[in-house]
Amino acid sequence: MPVIDVALVEESQNRYLTYALSVVSGRALPDVRDGLKPVQRRIIYAMYKNLRLVPEKAHRKSAAVVGEVLARFHPHGDTACYDAMVRMAQEFSLRYPLVDGQGNFGSLDGDAAAAYRYTEARLTPIALEVVGDINQETVFERDNFDQTVKEPVVLPARIPNLIINGASGIAVGMATAIPPHNLKEVINAILLILEEPSISDASLLKVIKGPDFPTGCELLNTRSELEEIYSTGKGAIRMRASFMEEEHGRKRLLVFTSIPYAIDKSVLVEKIADLILEKKLPQLLDVRDESTDEVRIVTEVAPDANTDSVLAYLFKHTALQANFNVNLTALVPTKNPLSGKPMLLSLRAMLEHFVDFRLEVVRKKLMFEKRNLEARIHLLNGLVLIFPFLEKVIDLIRKSEGRGDAAKRLEKAFKLSEEQALFIVDLRLYQLSKTSIDEVEGELEHKTSRVNEINALLSSEKALKRLIADELERISAQFGDKRRSKVLNEFAELEYVKEAYVQHEDVKVIVSKDGWIKRIKSANDPSSTRVRQGDSVLYALDASTRDSLAIFSTMGNAFVSRVSDITATSGFGEPVQKLFKFQDGEQIAACVIVERDESGEVKMGEQEMLIYSKHGLGFRFHKNVLSDTKKIGKRLMKLGAGDVIGGVLALNKEMLLLVSEQGYGLCILRSELPLLGGAAKGVILQRLPKGDALVIAACVAKHDGVTILTVEGAKRKVDVSALGLGKRASRGLKVAKKSIRVVGLA
């Protein structure tokens, strides 16, 4: 086998591009004309054409459908095929399901469908409108994967399936997310375009109010927001569960009767239950799911609670309010009838593509009918031509040596075409009676009249549009229903105030040496709290649930969490990596409680703090810098090579005592330190010799005495007044013997 030298980069690009195009056109994106992805189209076509699973027939095992699709049309896995069929049968996934499923096809609680050997399926009546006039040469066909049978490139859908049922999918470098809409509204909009192609977008949106999700829910977008989404093809639809208040005796209930689209109801209820158990929403006492065929999630509200506050919290922290990120990307037809190209569309463009497609399909349908009529008229004309000479015709047939010879004799004698001659030869004698000929002449007249009618229709686009409009009006009357999703163009935005949900309680925050964090009751003894084997309590900080815990890492990052968000437990707690995203090798250097008042603001008092590194650098910063940070933290101090954070302390006195590991002590005024806003290197606090490190920083007054603890356990008292006031960036005086390394304050 010959070896071909190719450039790796070029070959990789070509192969990846081929793969990308295959995914885009052959798997992930729907066609703007019938609104189906290839696997969905193949399922519906196989159920209709091969298995004849029409609504009036009995259901059949889903395994038979999957097997038929894989055997003839879809060269992919059975799981993907069955999942696609299941989704088309789910009333909570499709606004107008195309498959009538019998058995367990999943639920709104996220339950998976039963295996395909247990379920049964057939097409729904509206699915026949998607199949349309498939047998009348209305769409192009192509070879299947092994070139044994033909499959349609697109189905001649009579309904705007892409808009009414929506679609979602992820291709290579692009995706689609089209929300479902109400059939009546969409058809009314199409009728407006058929009547007046240049109608304004504003007029269309007076008819199409917005998406209409199968799960109901309320839509919070303003009219201008919807106009922007439908004109650009992108944007976020804000969905919110619908709710009502009920009272049963002393109990106050908040009942949710619908949920946003594509939300797992069981996960949603579990999330609300977790909020109640963790006491993050003290205004809520209980939650239960009383749903049957209709959604009914019941929550019990505390007697003195404000329901607006409860709703504001739930809508912010649970999926009771969610976004549907619209992306109106679909495959549009090209000059090549066998392939389409992806395009981001506006709602108007989607409607216009459907109208153009229907015009094309109706023309092809009429042309097909016309060809069949003309072929029949041609045969009937031959029959009428030979009728006066029946005796001669019969005599010629008797004298012939067979069917072919008889046909040739008739062709020659009466100047007939081959088709006419064979048609006459194949007739039974009784069909040549006078009564039959009268019927033939009547049929000939009727079919000729129909051909003239078709010619008139084909020559008038207005007449074709009237045909399409009549068809759409029939479909609207047969399948149209009321809107499920209510569009709230004007609504009161519920105000979320974080502090309103924090139950005031004095606690102790426990941080272990290995980085495990929890909170316990303030009355509990931190020394007896439970820790993992080999671990020990590093910090036991008094706090209130209104306060925040600020953690400073050895890499100069600050992480902040509300104390109320820290797990209250008698166990080990949670590792710091679960609360925050620590990098490899990053450890806790210091912890500080940031006290807050009832409004959530940092309390006045010790507003300034000092952060310092082992290399003797540092600066002052304001506590307000420690606002709630993201999980990745906030860079507070930039560190040089090999440097780490030594500690953080509150500045509550005018002087600062610095002591190095080798026993050098220095007192400076806090005013000598710059007040910075974070992400800074700072200034030199104490100039240290090589190999030394800053290990102690403490706020002191002039006449304070500070006790220093050494590695050997010895204690050395330092008199601040005797040490004197030095200058920043000095080494300071020796306060401990050279052989003794300082470790901290006693």
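This is a predicted model: local features need pLDDT of at least 70, side-chain atom pairs count only at pLDDT 80 or more; totals for chains, interfaces and linings use all residues.
How much space lies in the second largest pocket?

Figure 1. The space in the second largest pocket amounts to about 670 Å³.

**Figure 2. An open sheet of three strands.** In this sheet the strands follow the order β1-β3-β2, and their pairing is antiparallel. Which strands form the edges? The edge strands are β1, residues 60-61, and β2, residues 99-102. Each of these two strands pairs on one side only.

**Figure 3. The pairing of β2 with β3.** Strand β3 spans residues 120-123 and runs antiparallel to β2. How many bridges join β2 to β3? The two strands are joined by four bridges. Where they face one another, Q102 stands opposite E120, a residue of β3.

Figure 4. Is T529 buried or exposed? With a relative accessible area of 16%, T529 counts as buried, because the cut-off for a buried residue is under 20%. When neighbours within four places in sequence are left aside, T529 is in contact with I510, K518, I520 and V537. A further residue, I593, may be located for orientation: T529 and I593 are 64 residues apart in sequence, and their C-alpha atoms are 20 Å apart in space.

Figure 5. Along the principal axes, its C-alpha atoms fill a box of roughly 145 × 85 × 50 Å. What radius of gyration does the chain have? The value is 40 Å, whereas a compact globule of 746 residues would have a radius of gyration near 27 Å. Of the 746 residues of the chain, 49% count as buried. Contacts may also be described by separation in sequence: among contacts between residues at least 6 apart, 69% join residues at least 24 apart.

Definitions and conventions:
Residues are numbered from 1 along each chain as its sequence is written. Side-chain values use heavy atoms; hydrogens and water are left out. On a 1 Å grid over the protein atoms alone, a cavity is a set of points where a 1.4 Å probe fits but cannot get out, and a pocket is an open set with protein on both sides within 12 Å along at least five of seven lines; lining residues have an atom within 4 Å of a point. Grid points are joined across faces, edges and corners, and a volume is the space filled by probe spheres set on the points. Two strands pair if DSSP finds at least two bridges between them. The radius of gyration is taken over C-alpha atoms; the globule rule is 2.2 Å times the number of residues to the power 0.38. Buried means under 20% relative accessible area, exposed over 50%, partly exposed in between (1.4 Å probe, protein chains only). Contact means heavy atoms within 4.5 Å.
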